[in-house]
Amino acid sequence: MEANSQKNIRSSNFELLRIVAMFMIVLHHCTVHGVFSYWHNNTTFIHHINNFLCSFLASGGKIGVTIFVLISGYFLCMQDFKISRLLKIYLNTLFYSIFFMLLSLLIGNHFVSSKMLRVSLMPFSCHAYWFMTAYLLLYMFSPLLNTILRNCEPKQIRIYLLLPAILWIFIPIIINTGLFYSILVYFFYLYLIGGAVRLGYINIKSKFLNLFALAAVVYLIINIILHEQHAVINLWKCFKYMELNTVYTLAVSLFIFNYFSKLNLKNNKFINYISASIFGVYLLHDNFFVRPYLWHKIFHVHTLMNDKFFCIEVMAISILVFATCVIVDKIFSKLYTPIINKIINYIEPKKKLPLYNEEQILSNQKS
């Protein structure tokens, strides 16, 4: 009984971090798909202020993605690969993809092309959800990444983490290109950082991290001001400073990750309950059938750029979208979870391997 109770205890500080990260992604989609997808030609003062605020809200998307991968490395480095986890990711994504395709056909959407049908039926191979595709592949490669973390010496791990940072983060500042950069390989890199933090291989002091994050934010502000001209479309030029492999994204992500990792939150049932629907929030609001209706037909976000309370309105809309998606996912999960569990129980081997623990891995390092 005691073992089971310990097994069910979840780190609510990290569950809260997952919620914050997904909300930042919703904010990103609200601004990018809702505001920046329309041309705005206005030179009023309030418009320039809203451009500036919109850029910061948009920058949270890549930060949220980075945080998710860091969390994955932090926890999965201590776990064995499970077919059930892989199937849940695949089947949950497939369910939402097919559901919205059928819903669009049902309501008579004449824009459902053969390409959209193919993408809906094969969401991973056709990149309907780029993050879920990359995350699925990341989990498939997690045993290899865990082998590196568990068998290499801490000094080797630190070298492995330093070289990609030079190639993909610092060199692009000078030559404006990432050498041999790809999103999946960069996910591997972030995963290793998360695992290395968990195992104590790297320990960034809080004061240094605070200064690093502050300098990155100031760097971003300067570039936004330099690129902010007469139309919001020009802000796409400064988006290169907000991509995954930038100093700004990595510094702020590590700062937020470090802060939440030190929070002392017990097993909070409400936080854990909301966090369980995080991927559902992503699959619901960023479906390519839902996206244009959500931001332009329902909320008309692109019309808010000249409002004095633009930032408050965007935040309120994003909170409403987030909360609605959580509720819908809870309802849908009642329908498809029993079916998914039956499929998983049929495929998943009954014999389960024990989890690794830090003491075992660290003792192997010393020997």
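Predicted model: local features only at pLDDT ≥ 70, side-chain atom pairs only at ≥ 80, totals over all residues.
Trainee: What is a disulfide, and how many disulfides does the count come to?

Mentor: A disulfide is a covalent bond joining the sulfur atoms of two cysteines. Here the count comes to zero. Take Cys30, which is in no disulfide. Its nearest cysteine sulfur belongs to Cys54, 7.9 Å away. The cut-off is 2.5 Å.

Trainee: Is Cys30 buried or exposed?

Mentor: Look at relative accessibility; under 20% is buried. Cys30 has 0%, so Cys30 counts as buried. Cys325 has a relative accessible area of 8%, so Cys325 is buried too.

Trainee: Cys54 sits in α3. At what angle do the axes of α3 and α14 cross?

Mentor: Start with the axes. Helix α3 covers residues 45–76, and helix α14 covers residues 310–347. Their axes come within 10 Å and cross at roughly 30 degrees. Angles under 35 degrees count as roughly parallel. The two helices are therefore roughly parallel to each other.

Trainee: Which residues meet there?

Mentor: From α3, Asn50, Leu53, Cys54 and Leu57. From α14, Phe310, Cys311, Val314 and Met315. By class, this contact has seven nonpolar residues, one polar and no charged.

Trainee: Now the core. Which residues have the most contacts inside the largest nonpolar core?

Mentor: A core is a set of buried residues joined through their side chains. The largest one has 106 residues. Phe131, Met132, Tyr189, Ile193 and Phe322 have the most contacts inside it.

Trainee: What is Met132 in contact with, leaving aside neighbours within four places in sequence?

Mentor: Met132 then contacts Ile89, Thr93, Phe124, Phe279, Tyr282 and Leu283.

Definitions and conventions. Residues numbered from 1 in each chain as written. Heavy atoms only, no water. Buried < 20%, exposed > 50% of the residue type's maximum accessible area, 1.4 Å probe, protein only. Axes fitted to C-alpha atoms, helices over the stretch in contact; angles between N-to-C directions. Helix = DSSP H or I, 4+ residues; strand = E, 2+ residues; numbered from the N terminus. Parallel < 35°, antiparallel > 145°, perpendicular 65-115°, else oblique. Contact = heavy atoms within 4.5 Å. Nonpolar A, V, L, I, M, F, W, Y, C, P; charged D, E, K, R; others polar. Core = buried A, V, L, I, M, F, W, Y, C linked by side-chain atoms within 4.5 Å.
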